[in-house]
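Subject: Structure handover

Hello,

Please find the structure below. Some notes on what was found follow it.

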Amino acid sequence: MNNRVGVVIVAAGRGSRMGTQESKQFLLLRDKPIFIHTLEIFAAMPEVDEMVMVTGAEDVERCREWIRQYQIEKNVQVVAGGSERQHSVYHGLRHLQADWVMVHDGVRPLIQPELVRSCLEAAQRTGASVAAVPVKDTVKQVNGDGIITATPDRRSLWSIQTPQTFRLSDLLRAYKEAEQAGFLGTDDSTLVERLGIPVTVVQGSYKNIKITTPEDLDMAALWVKTEGEDIK
Ligand SMILES: Nc1ccn([C@@H]2O[C@H](COP(=O)(O)OP(=O)(O)OP(=O)(O)O)[C@@H](O)[C@H]2O)c(=O)n1
Ligand SMILES: C[C@](O)(CO)[C@H](O)COP(=O)(O)O
């Protein structure tokens, strides 16, 4: 069966909104670097056949060392990324031979294996999937003068997370076409949507946060799995 699953973990950003000197993916969450929590979840899953981690060129060696130190269960290729998330993902994809690819942010360490499995199952059933949660707040569109111009119907709005799961061939084509068109998106799905491929939304978790600003790290520290205690 052609169902081999590859995972690309992107962790090549600078974390400018976190405001720390150290890139946020290397900050300690409880006792270990954020990205190690993320790798451990995917590496422990039998469904995952290949793993690639993308990081800054200057961080490749220390990431390999951390991966050895924390005895990550699977072989993880560590490769250099680019100046935008989109470039980093594209670099990572080129190192996979799998049939399916799950792209996940290294700074979403609270991902749970059950959600990863739901995303994979949905993608293999429908062709493509993203994890997402319904928006809880009222969302406004605001113009450059700070004036509200529209209030979209919240019932159709979802906050998009990762994992984002696709056929590797579709995602490579989406990335190639976006690059040729000079199109830059903030997630992987946007590039696949441009090809007219339907993408299924999988109900994610409000705890699957992207650690972006300092208060996110505080929340994650409260929620992170500790000995004998689950974060669900
Ligand atoms: N050139 C980049 C930019 C981002 N990412 C990764 O994409 C994920 C989501 O990006 P974001 O939270 O925006 O991270 P940063 O770009 O690091 O944050 P900021 O925008 O605050 O600088 C992170 O795991 C980040 O490391 C990446 O691999 N390569
Ligand atoms: C892919 C993503 O996690 C979906 O929410 C997100 O778009 C990437 O982070 P950024 O802050 O938009 O760069």
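**Valine 201 and the surface**

Valine 201 counts as partly exposed because its relative accessibility is 38% (buried is under 20% relative accessible area, exposed over 50%, partly exposed in between, with a 1.4 Å probe and protein chains only). Val201 sits in strand β11, residues 200–203 (strands are DSSP runs of E, at least two residues, and helices runs of H or I, at least four, numbered from the N terminus). Together with Trp158 and Ile160, Val201 forms a nonpolar surface patch with about 240 Å² of accessible area. Such patches join nonpolar side chains (Val, Leu, Ile, Met, Phe, Trp, Tyr) within 5 Å, from residues with over 30% relative accessible area and no salt bridge (a side-chain nitrogen of Lys or Arg within 4 Å of a carboxyl oxygen of Asp or Glu). Areas are from the Shrake-Rupley method with a 1.4 Å probe; for residues, only the protein chains shown count as cover.

This is a predicted model: local features need pLDDT of at least 70 and side-chain atom pairs pLDDT 80 or more, while totals for chains, interfaces and linings use all residues. Residues are numbered from 1 along each chain as written, chains are lettered from A and ligands numbered from 1 in written order, and side-chain values use heavy atoms, without hydrogens and water.

**Ligand 2**

Polar side-chain atoms lie 2.5 Å from a ligand 2 oxygen for Asp105, 2.8 Å for Lys210 and 2.9 Å for Arg17. Ligand 2 alone exposes 350 Å², of which the protein buries 75%.

Regards

Terms used
Patches are made of residues with over 30% relative accessible area and no salt bridge: like charges are joined within 9 Å, nonpolar side chains (Val, Leu, Ile, Met, Phe, Trp, Tyr) within 5 Å. A polar contact is a pair of N or O atoms within 3.5 Å; within protein, one must be able to donate a hydrogen and the other to accept it, and residues adjacent in sequence count only if both atoms are side-chain atoms.
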